[in-house]
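User: I've got a model open here and would like to talk through its strands and charged side chains. Could you start with the terms you need?

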Amino acid sequence: MDGNGLTYVIGDIHGCADLLDRLLTQIEEHRAGRPRHLVCLGDYVDRGPDSARVIATLRRLQDREPDRVICLMGNHEAMLLGALSGADEPLWLFNGGRTVLASYGVSRVDQLPRGDLDWIAALPTLHEDAARWYVHAGFRPGRPAPDPDPNQRLWIREPFLSADYDFGKHVVHGHTPVRSGRPEVRRHRTNLDTGAVFGGALTAGVFTPERGPALAFLQVS
């Protein structure tokens, strides 16, 4: 991405398509015609009622603005791919996979649309710009950033959450729902998973190209 305009970063969506639509509208109103980039931090599927529509919305945005819309993989996308490979289907179904099948009107993971499966499989696990790292879960403290292990980027909680470690750039992540329903802002990281699928808000952080905390947070609930 180039360094012009604001960057809006959306936390875990989990099939909450109505909230996503409303947050995207709020982002458009907030940007007021200014250039913008959009980064989504993963976990588009599972648990919520309309994973199919979330994927359709994000794919449409990317098709329209491929250089300004970045969608990262989350651990729930990884679980879906594991189910597709036959390795971890019970894990995926236990963690909300049945709601994905229902949203597409199918009964098995291999019946999901091939285009959507290919899109999910191609999602990156990391994005960066001059000021920040963007990742679903986080990095292992003490390792050179970015963490080279994609599994850690998708799944880590501790010791990332409690270490207060400087990775050289601010880390913007999701994955671990914040019980307060408000974004968690620390010196070296910002957590934007505010538990939308558990009755909390869906949150977007608004960042300028300069280093520093979010300019603002947008929320819908």
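Analyst: Two strands count as paired if DSSP finds at least two bridges between them, while helices (H or I, at least four residues) and strands (E, at least two) are DSSP runs, numbered from the N terminus. This is a predicted model, in which local features need pLDDT of at least 70 and side-chain atom pairs count only at pLDDT 80 or more, whereas totals for chains, interfaces and linings use all residues. Residues are numbered from 1 along each chain as its sequence is written, and side-chain values use heavy atoms, with hydrogens and water left out.

User: OK, in which sense do E5 and E6 pair?

Analyst: Strand E5, residues 132-134, pairs with strand E6, residues 170-173, in the parallel sense, and the pairing runs over 3 bridges. Within it, Trp 133 has Val 171 of E6 as its bridge partner.

User: And what's the strand order in the sheet?

Analyst: The sheet is open, has 5 strands in the order E4-E5-E6-E8-E7, and shows mixed pairing. Its edge strands, each pairing on one side only, are E4 (127-128) and E7 (184-185).

User: Switching to charges: how many salt bridges are there?

Analyst: A search of the whole structure gives 14 salt bridges, where a salt bridge is a side-chain nitrogen of Lys or Arg within 4 Å of a carboxyl oxygen of Asp or Glu.

User: What does Asp 18 pair with?

Analyst: Asp 18 forms a salt bridge with Arg 53, with the closest N and O atoms 2.4 Å apart. Asp 18 belongs to helix H1 (residues 17-31) and Arg 53 to helix H2 (residues 51-64), so this pair ties together parts that lie 35 residues apart in sequence.

User: Which salt bridge does Arg 53 form with Asp 21, I mean at what N and O distance?

Analyst: The closest N and O atoms of Arg 53 and Asp 21 are 2.5 Å apart. That pair also links distant parts of the chain, Arg 53 being in helix H2 and Asp 21 in helix H1, 32 residues apart. Asp 18, Asp 21, Asp 50 and Arg 53 are linked in a network of salt bridges.

User: Which residue does Glu 28 bridge to?

Analyst: Glu 28 forms a salt bridge with Arg 31, the closest N and O atoms being 3.1 Å apart. Both lie in helix H1, 3 residues apart, about one turn of the helix. Glu 28 is partly exposed at 38%, whereas Arg 31 is buried at 16%.

How values were computed. Buried < 20%, exposed > 50% of the residue type's maximum accessible area, 1.4 Å probe, protein only.
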